[in-house]
Amino acid sequence: MSTVYPQVRLKPQREEPLLNGHLWVFSGALQQVPREVEPGGLVEVRSASGQFLGRGYYHPHTDIAIRLLTRREEPIDAALLRRRIRRAQELRRVFDPALTNIYRLIHSEGDGLPGLIVDRYAEVLVAQVHTLGMERLLPLLVEPLLEETGARGLLLRNDSQARRREGLALEEPRLLAGEVPPEVEGRENGVRYLIDPWRGQKTGFFLDQRDKRAALAKYVRAMVAEIAPEGVARVLNCFSYTGGFSLVAALSDQRVRVTSVDSSQPAMEAARRHFAFNGLDADQHTFVVADVFAYLEEARAQGARFDIVVLDPPAFARSQGARSQALRAYRRLNMLGMSVLRPAGILLSCSCSGAIGLDDLSGTLSLAARALDREVQVLEVLTHSCDHPVRLAMPETLYLKAIFCRLL
Ligand code: SAH
């Protein structure tokens, strides 16, 4: 191929991660800073001895100086981007559209398109760009995204805080193509949702929890079977957003009563509407707009007892530096969650902080259980759903950890 890219050499012995399939080059690994390259421009990466390693985009002021888009000697052009989109689309054929028509279509590095998120909600796409390099490639992406997916519209939600690190502004939602209505009707495993792609959190929905929601259903059913015929099963969904876990629980059986707690009033209104939208009587359930910590303190003081508790907090640690403070918050949260759980109750504890590992989360559960003199049986450990693929060589991009356990 005739395309020539400015070349960047690594320091000696810094090529190993890239050879393994990692896509990042840290600024400290660069032998010399490419001078003729504009911020966000394309470069070719070679080892100290001159071995070709890949091509990607460069940022002069971030720790991650280069993110690779390819590890082959091929041009970075619209055709390459289209191939990436096509490959991503093929993976998402795992979803039966009659049951699930909302999913992540492009998961950044996991789909070979670093810095780009594209979520699909029925007929529309919602994109988020996190890096300057991807921002520059965006004009090349619009057409293939629409053509390869047959979507009716593409909305850009450039309001993620991650943009600040790259010196990018946070923007208002912007329509890039076609039409995107204020509300999209979507399905996840047959559960119906009304998604607001313009104003909802992230791109409108937390798609990464799909299989955790599905996994919850069997524990709810088992709990109902144990308690029936006289009683009802009580489920507490903390950080419920628009009610994903709540709906799955309530739809499992009529004898389930769900309490959803979230600090966002619009999210709670959406949760209530979702109950009716799925043929449930919202008045049989409880919707609380509150800080979860305050709610749980109060519930504990009143001696509340739930059969199942879900804890799906926002990321408490946004960086490695925030780890110890975050660990304290996770410990306190899990302790509070456990203290309102009845003996042999089920706890689902999640963390979506990249800086908090699975060991950290299970360590947190262990400390919380010890403080309450309870025993923990780990039942299932899950991470992302399959539409959030993780590159084997980049385990640090696995951010979601979810542990189902039983508290004896
Ligand atoms: N479980 C949800 C996703 C949770 S995202 C789902 O399945 O869709 C995290 C949620 O926590 C957001 O809805 C946010 O509004 C809420 N939140 C953040 N801090 C909170 C707090 N201190 N108390 C209650 N809710 C909070």
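Which two domains does the second largest pocket lie between? Select domain 2 (78–201) and domain 3 (208–407): both give residues to the lining, so the pocket lies between them. Those bounds come from an automatic or database domain assignment.

Before you click on, this is a predicted model, where local features need pLDDT of at least 70, side-chain atom pairs count only at pLDDT 80 or more, and totals for chains, interfaces and linings use all residues. Residues are numbered from 1 along each chain as its sequence is written, and side-chain values use heavy atoms, with hydrogens and water left out.

**Stop one: the pocket**

A pocket here is an open set of points on a 1 Å grid over the protein atoms alone, where a 1.4 Å probe fits, with protein on both sides within 12 Å along at least five of seven lines; lining residues have an atom within 4 Å of a point. This one has a volume of about 290 Å³, counted as the space filled by probe spheres set on the points. Show Asp-196, Thr-242, Pro-266, Ala-267 and Ala-270, the closest to its centre of the 19 lining residues.

Next, colour α7 (265–277) and β12 (191–195), which each supply at least two lining residues. α7 gives the most, with 6 residues. Helices (H or I, at least four residues) and strands (E, at least two) are DSSP runs, numbered from the N terminus.

**Stop two: Val-142**

Now pick Val-142 in helix α3 (residues 132–149). Val-142 is buried, with a relative accessible area of 18% (buried means under 20%, with a 1.4 Å probe and protein chains only). Beyond neighbours within four places in sequence, Val-142 is in contact (heavy atoms within 4.5 Å) with Leu-154, Leu-176 and Ala-177.

Definitions and conventions. Buried means under 20% relative accessible area, exposed over 50%, partly exposed in between (1.4 Å probe, protein chains only).
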